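Please keep the sequence and the model in view while reading.

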Amino acid sequence: MPHPALHLAVEIDGDGAHPAAWRRAAHRPGELLTPRRVAKVAAVAENSGFTLVTLDDGILPPASAAAGGPAGRLGAVERAAFVAASTSVLGVAPVVATTYAEPFHVSTRLASLDHVSSGRAGWVVGVEEGPDAARAWGRPPVEGASALRREALDGLRVVRDLWDSWEDDAVIRSVATSRYLDRGRLHPIDFTGETYSVKGPAIVPRPPQGRPVVLAPAGLVPPELVDVALVEGTSPALLGEAAAASGAPLAFAEIEVALDTPDEPAAERIGDLERYAAWEAAPGQPSGRLRYTGSAAGLADLLEELSDVVDGVRLHPLVLDEDLAVLSRLVLPELFVRRVAARPLPGTTLRTALGLPRPESRFTTAPPATRTTPGASATPAAPATPATPTASAASAASAASAASAKGILSTVAPEGNR
């Protein structure tokens, strides 16, 4: 019986999933953080037919630092904005944690990314674990799984509500009345959590997708708040069980892949890297992912089998410069021939590519009495933002500047909340 196409995503942070992947990279170490490198990898992913790329992030050094490799990375949202500008079909989803970052800034940055990408933005909800992350942020540590989930849940609720705080038709651009927006269609979100509160509306109009696609590890936050659950399991059967139990609209399997290349079998490539660092022992690497090692044909068979139990996969290549080329030349073309997967169509949003509906703003049904009359002031309701400047503020300003260049950004002054 025909079944929906398998959605294909790939993680493109750094040089690959192995902490020592940089030793087999095809570029000089100094080129890793250059725009040319980011654009090249994104172009390969888009031309291959991937629906989505994800970009890992965190305030602490990446896993490669422990293996003598790169100890820094550019911000994921900034890289995603660059990828969006250099591609036309590919979805882009940066990892952003709200454990310490202000949800207001996270909302602003991701909404701006959705605007500049014309509706191709996603968000991989992350967490910042460990006291080192807290010290880097200058915040009291959030300790324990329940506290991390609480911060992730509160942050996700705030971000979603802020995306909804501008109704879709809030921007009216009325020359006759000299009004840019209808402030009656802006809504304070009035969120109160255990550790902070947020009141005012966003400073960015509602994103083109209504809400960018939210991806999150299964179990981190309630499934009704996410679009794609990232599920783990060390076999297709376990992945199927995890997908069925996720409760989210879509479930993507997390798979690490090491493929045979024309010059070297996958097992030998792994053995070469294991001389420098263990794949399993890398800091921050999950241990429950399915790992495939072998030929391109074998991976195509595995993905076809998985298409019966999950909606998509997120691949984590061992070494991007080696495995992404094999995926592009041999694996994805075979999946398209078998009609297991399909390329995203030009001109569609990421939600459309994934078969997800565009959500209504939760404020859309606000009574007409709350709206302004013609000729009323165009000043929006007071917004809420953190009182304490954080590292994310600069990133938000960067993303907001990109949105402003397209004439889509409102102007309001921030005030404190956390």
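Of the 418 residues in the protein chain, 54% are buried.

The secondary structure of the protein chain consists of eleven helices and 13 strands.

Confidence in the prediction is the next matter. The pLDDT of the protein chain averages 87, and 85% of the residues score at least 70. Residues 368-417, however, have a pLDDT below 50, although this stretch makes 97 contacts in the model beyond near neighbours in sequence. Where pLDDT is low, predicted coordinates should not be read in detail.

One pair of helices may now be examined. Two packed helices are described by the distance between their axes and by the angle between those axes. Helix α3 spans residues 103-116 and helix α5 spans residues 145-164; their axes come within 9 Å and cross at roughly 50°. An angle of that size lies between the ranges for roughly parallel (under 35 degrees) and roughly perpendicular (65 to 115), and α3 is therefore oblique to α5. The crossing in which α3 passes α5 is right-handed.

Which residues of α3 and α5 meet? On the α3 side they are Pro103, Phe104, Val106, Ser107, Leu110 and Ala111. Their partners in α5 are Gly155, Val158, Val159, Leu162 and Trp163.

Terms used:
Residues numbered from 1 in each chain as written. Predicted model: local features only at pLDDT ≥ 70, side-chain atom pairs only at ≥ 80, totals over all residues. Heavy atoms only, no water. Helix = DSSP H or I, 4+ residues; strand = E, 2+ residues; numbered from the N terminus. Buried < 20%, exposed > 50% of the residue type's maximum accessible area, 1.4 Å probe, protein only. pLDDT = per-residue confidence, 0-100. Contact = heavy atoms within 4.5 Å. Axes fitted to C-alpha atoms, helices over the stretch in contact; angles between N-to-C directions. Parallel < 35°, antiparallel > 145°, perpendicular 65-115°, else oblique. Left-handed = near helix turned anticlockwise from the far one by under 90°.
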